[in-house]
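Here are a few exercises to work through with the structure open beside you. Try each task before reading its solution.

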Amino acid sequence: MITALKFTLLLLALAFAQGLHYNYIDELDKEAGTVRAVQASQYVSLWPLPQKVKILDLSFKLTSFNIVDAKESSAGSSCSLLQDAYRRYYEYMFGIAKRQGPRKSRLTGPSELTELQVWITSPDSECDGYPSVTSDESYELSVDLPYAVLKAPKVWGALHGLETFSQLVYEDQYGAKSINSTAISDFPRFAHRGILLDSSRHFLPLKVILANLETMAMNKFNVFHWHIVDDQSFPYLSRTFPQLSQQGAYHPYTHVYTPADVKMVIEFGRLRGIRVVPEFDTPGHTQSWGKGQKDLLTPCYSGSKPSGSFGPVNPILNTTYDFMSQFFKEISTVFPDAYVHLGGDEVDFTCWKSNPDIQKFMDQQGYGQDYKKLESFYIQKLLDIVTTTHKGYMIWQEVFDNGVKLKPDTVVHVWIGGGANEEMGKVTAAGYTTILSAPWYLDYISYAQDWQKYYKVEPLDFDGTEEQKKLVIGGEACLWGEYVDATNLTPRLWPRASAVAERLWSAKDVTDINDAFNRLSVHRCRMVARGIPAEPLFSSYCPREYKGI
Ligand SMILES: *[C@@H]1O[C@H](CO)[C@@H](O)[C@H](O)[C@H]1NC(C)=O
Ligand SMILES: *[C@@H]1O[C@H](CO)[C@@H](O)[C@H](O)[C@H]1NC(C)=O
């Protein structure tokens, strides 16, 4: 029983604690420079900001609006990639109004825009192809009378241009869809703009992967780095080695990606100009592989006896390489991209050290106690195997650090350290192309607006020549899966990854954090309006709030 006095004291104490709490938050926000309301940017809600933009003080109403192929276009109505995109963007711009057709304005006159003509200018539109690191993603957009024109050499640029066009459309005060007269000329600063998702620590249902590919397209990302397997589980259903997922997945039927699932992810990505680069990380991070493939992993020893536990892939058995040859032959046919990511990070040598057969092999090879040499021996053989499948490869930076001989077109993935760092200098000095992830580990979360930290990174901010800087082809935001599954993946990733998207797409001098805040706030609300639960940047509201699932 609490007395009235005690109760009053309790209320006072609570009020005091709350006051403290709010003060504390205010301080944090001031530090982060975030106590401000959203203001209108002259670039409205364009994200990432195009290379050249000119928006005029002249608006058109979109009435009986259509997206059509230009007569001169090399990709006609037979290009299902474009037809699909027209449908998608029409839906985003006009939503449910689609069924009735867009609202007809009672006023008719010269201020109506009725058509966007899409003109693929190169003879080969690449409509039926796959995007690659050399794809032309440029486009030019002119919004003017009598019709708007989107010109792009290839379909990839047209996809980006459609997204940009949709970002220019707004509702006037009467709810009519409008767009201002605009001229845009655009292309990406970096060719490789990726998102890494991890479907091993937690299984990610197909639906959440597809939703994120869709959101990637809204942010002009073009690489889905699918960290598909790891120690924890092996959800990839291999036709050649079905026992890998049968034994290694969290569940052999409900927690796997069938060949049809993988096909769907690849095609869904292609239709949005997104490459799917799978990662099959070895020789470490392979505990789940061992469950379905006998003798693949190294038996660890405790004294003179096997301990019953297993370490990295066993590099001294011929059967290991027979397995890898067959496995990567399958991978090379399942995934059409020119690259596969081969991992090669964080190899723990303890188990190798404990195993007498490995010791013997080390002696024979004259490696002494240098286990990096053994790791390199394995990786070298693996790279040779993958080369025979006519694929290029990406690898984590350790493989380069250990001095493994790499093909000239290898992409070295930098993940250790802070911003753009000296590792970038070393890799590019050696003549290899590189991508940056070190400052963009989005699985690390914190209070307040950490997107600003990602936004402020300059990928070329390392000591090196102009030639070296040209070897930086982009970067990836990584969302590792220890604490992430379908329940929290999307809001954790967006709009934080959008900061990386603009850094990798827009011009180097696009660094105004206040303008970014204003545009990103509206962009985030647009993602929400499109059904994506992207988390807020700060106290505010969206015209159309997320309605839940
Ligand atoms: C669009 O045009 C209207 C005039 O019709 C103008 O008031 C507005 O500022 C323009 N918007 C932008 C972003 O320039
Ligand atoms: C493994 O392969 C090498 C090279 O092909 C061969 O010389 C060696 O005898 C093989 N070892 C075993 C145990 O089969």
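**Exercise 1.** Find the element of the predicted model in which Glu346 lies, and decide whether Glu346 counts as buried, partly exposed or exposed.

*Solution.* Start with the secondary structure: Glu346 sits in the loop that runs between β12 (339–341) and α9 (350–354). Next, take its relative accessibility, which is 43%. Buried means under 20% and exposed over 50%, so Glu346, at 43%, is partly exposed. Then look at the annotation: an unreviewed UniProt entry places the feature "active site" at Glu346.

**Exercise 2.** List the residues that Glu346 touches, leaving out those up to four places away in sequence.

*Solution.* With those sequence neighbours set aside, Glu346 touches His285, Glu398 and Trp415.

**Exercise 3.** Describe the surroundings of ligand 1, by residue, by class and by strand.

*Solution.* First, collect the shell: Gln42, Val44, Ile55, Leu56, Asp57, Leu58, Ser59, Tyr170 and Asn180 surround ligand 1. Sorted by class, this shell has 5 nonpolar, 3 polar and 1 charged residues. Now sort by element: strand β1 (residues 52–69) gives the most, with 5 residues.

**Exercise 4.** Give the distances from oxygen atoms of ligand 1 to side-chain N or O atoms of Ser59 and Asn180, and say how much of the ligand's area the protein buries.

*Solution.* For Ser59, a side-chain N or O atom is 3.1 Å from an oxygen atom of ligand 1. For Asn180, the corresponding distance is 2.4 Å. Finally, ligand 1 taken alone exposes 360 Å², and the protein buries 55% of that area.

Conventions:
Residues numbered from 1 in each chain as written. Chains lettered and ligands numbered in written order. Predicted model: local features only at pLDDT ≥ 70, side-chain atom pairs only at ≥ 80, totals over all residues. Heavy atoms only, no water. Near = heavy atom within 4 Å. Polar contact = N/O pair within 3.5 Å; in protein donor to acceptor, adjacent residues only side chain to side chain. Areas by Shrake-Rupley, 256 points an atom, 1.4 Å probe, with all protein chains shown as cover. Helix = DSSP H or I, 4+ residues; strand = E, 2+ residues; numbered from the N terminus. Nonpolar A, V, L, I, M, F, W, Y, C, P; charged D, E, K, R; others polar. UniProt positions renumbered as here; feature names shortened; annotations may be inferred. Buried < 20%, exposed > 50% of the residue type's maximum accessible area, 1.4 Å probe, protein only. Contact = heavy atoms within 4.5 Å.
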